Amino acid sequence: MSLVQLGCTIDLPVEELAARRLRTSGKRRTKATRTSEVINIEDLRRWARSRVPRVVFDYLDGGAEGEVTLQENRRAFDAVTFRPRHAVAISECELRTRVLGIDLAFPALLAPVGYSRLMHPGGEAAAARAAGAAGTGYILSTISCYRVEEVKAVSAGPVWYQLYLLGGRKVAEAAILRAREAGCSALVVTIDTPVAGMRERDPRNGMKELLSGSTFEKLPFLPQLFAHPGWLAAFLLDGGLPKLENVVLPGQGPMPLVDVTAALSHTVVTWDDFKWLRQAWPGPIVAKGVLTGDDARRAVDEGAAAVVVSNHGGRQLDYLSATLRALPEVVAAVNNQVEVLMDGGVRRGTDIVKAICLGARAVLIGRAYAYGLAAAGEAGVSRALQILREDVERTLRLLGCPSVAQLNPSYLDVPAGWLTKSLPD
Ligand SMILES: Cc1cc2nc3c(=O)[nH]c(=O)nc-3n(C[C@H](O)[C@H](O)[C@H](O)COP(=O)(O)O)c2cc1C
């Protein structure tokens, strides 16, 4: 991050600047995130990297194995260019989008991101509050350390609950009931995690040892925490290692935090599970992790109200295709029967506009807001959302398109072969 972006005139390394920024009051930091210091999501990523220990940053930033899919998600956006309509005056630019019957201020929701409270003590509550204030929705992960009731209560926007079968069906049913009673308006069932992907950065940084190892096992990995005293102080003041407040084990209470490999080792969801899920959850069900027309049609047959074209942000099976590349096939396969959302690699408003042109109703953003959370809590998430919203509006105006609803493939040049099946109108 340049000194100009940081609003500094003296010559200091980024780490020191970030540390100084952390020492300033919350009010000043909030103001800072709203200024021109942070211009794009990459600025928030750099700030996050300097604020949190490597084990936390790499968990957030990394992908599976060789991180090929992680990079592919970005490359696919770069491969698509625009076909604008110039000399068009747009007085009002309409960004509002209806997703599962709810109006969103712009077509992006916050994806479920596990372990958010390790990134910042504000965690899921801070992210949900920022989402609501920006007029959009928040999806609470099962791997969350704030109670679903609290998260719903602090957000002015819609909250959905994302389900992993941690602890088995009975535990999941109890969580679903709580989510329903708290007022969550959709259940997101993640179908791409029969086991956790091999995120190679995590074992190198001692994620497992730090979360669930003995003091002796933790020792070699502690220096990275001491190198970030601001984060460490906030973590300790927050009570240290939190628990999974929405995974309540009978007779034991909330499940202790374990690393993601352990968490996802017995949580496979099958299409058969959709039958009992439909009984347990009367509202809309969203199948997250669809990448082919076949799975999309199966989700429709099993009663899903929407699908999310997702490869889990490149964190599960490596060498999956980019989600933007998979999107047209899924959109054609569901043929307007259900809503199609997508995620993976969204870092700019132009990415959001490209996904909408190719048939997504809206996108989910994962890392783009989580960098903001790790950098500056709620203020960082708000800044991420503000950047993306402004990007979308500017892009529409530059394209000569007055509304998100009027975006379509004619605004894009896509590589040959992407649109072999025609998209429904
Ligand atoms: C740190 C992190 C934690 C995640 N945790 C979950 C989770 O608990 N449940 C889930 O369904 N997806 C999870 N995801 C995947 C996101 O919901 C989303 O699919 C992905 O982040 C989209 O890619 P992007 O980060 O490039 O935007 C996680 C992603 C990240 C980066």
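Visitor: Where does E65 sit?
Guide: E65 is in the loop between α4 (54–61) and α5 (68–78). Helices are DSSP runs of H or I with at least four residues, strands are E runs with at least two, and both are numbered from the N terminus.

Visitor: What kind of model is this, and how are residues numbered?
Guide: This is a predicted model: local features need pLDDT of at least 70, side-chain atom pairs count only at pLDDT 80 or more, and totals for chains, interfaces and linings use all residues. Numbering starts from 1 along each chain as its sequence is written.

Visitor: Back to E65. What is its phi?
Guide: Positive, about 45 degrees, although E65 is not a glycine. Most residues other than glycine have a negative phi.

Visitor: Is Y115 buried or exposed?
Guide: Y115 is buried, because 24 other C-beta atoms lie within 10 Å. The cut-offs are 20 or more other C-beta atoms within 10 Å for buried, 12 or fewer for exposed, and partly exposed in between, with C-beta atoms placed from the backbone. E65 has 17, so E65 is partly exposed.

Visitor: New topic. How buried is strand β10?
Guide: 6 of the 6 residues of β10 (residues 285–290) are buried, so β10 is largely enclosed by the rest of the structure.

Visitor: Which strands pair with β10?
Guide: Strand β7 (residues 187–190) pairs with β10 in the parallel sense over 4 bridges. Strand β11 (residues 306–309) also runs parallel to β10, joined by 4 bridges. Pairing needs at least two DSSP bridges between the strands.

Visitor: Which residues stand opposite each other?
Guide: L187 stands opposite I285 in β10. A287 stands opposite V307 in β11.

Visitor: What hand does the β-α-β unit of β10 and β11 have?
Guide: Right-handed, with helix α17 (residues 293–301) as the helix. That is, with the strands pointing away from the viewer, the path from the first strand over the helix to the second runs clockwise.

Visitor: And the ligand, how many residues surround it?
Guide: 26 residues, with A111, G114, S141, G313 and G366 the closest. A residue is near if its C-beta atom, placed from the backbone, lies within 6 Å.

Visitor: Which element gives the largest share of that shell?
Guide: α20, with 3 residues.
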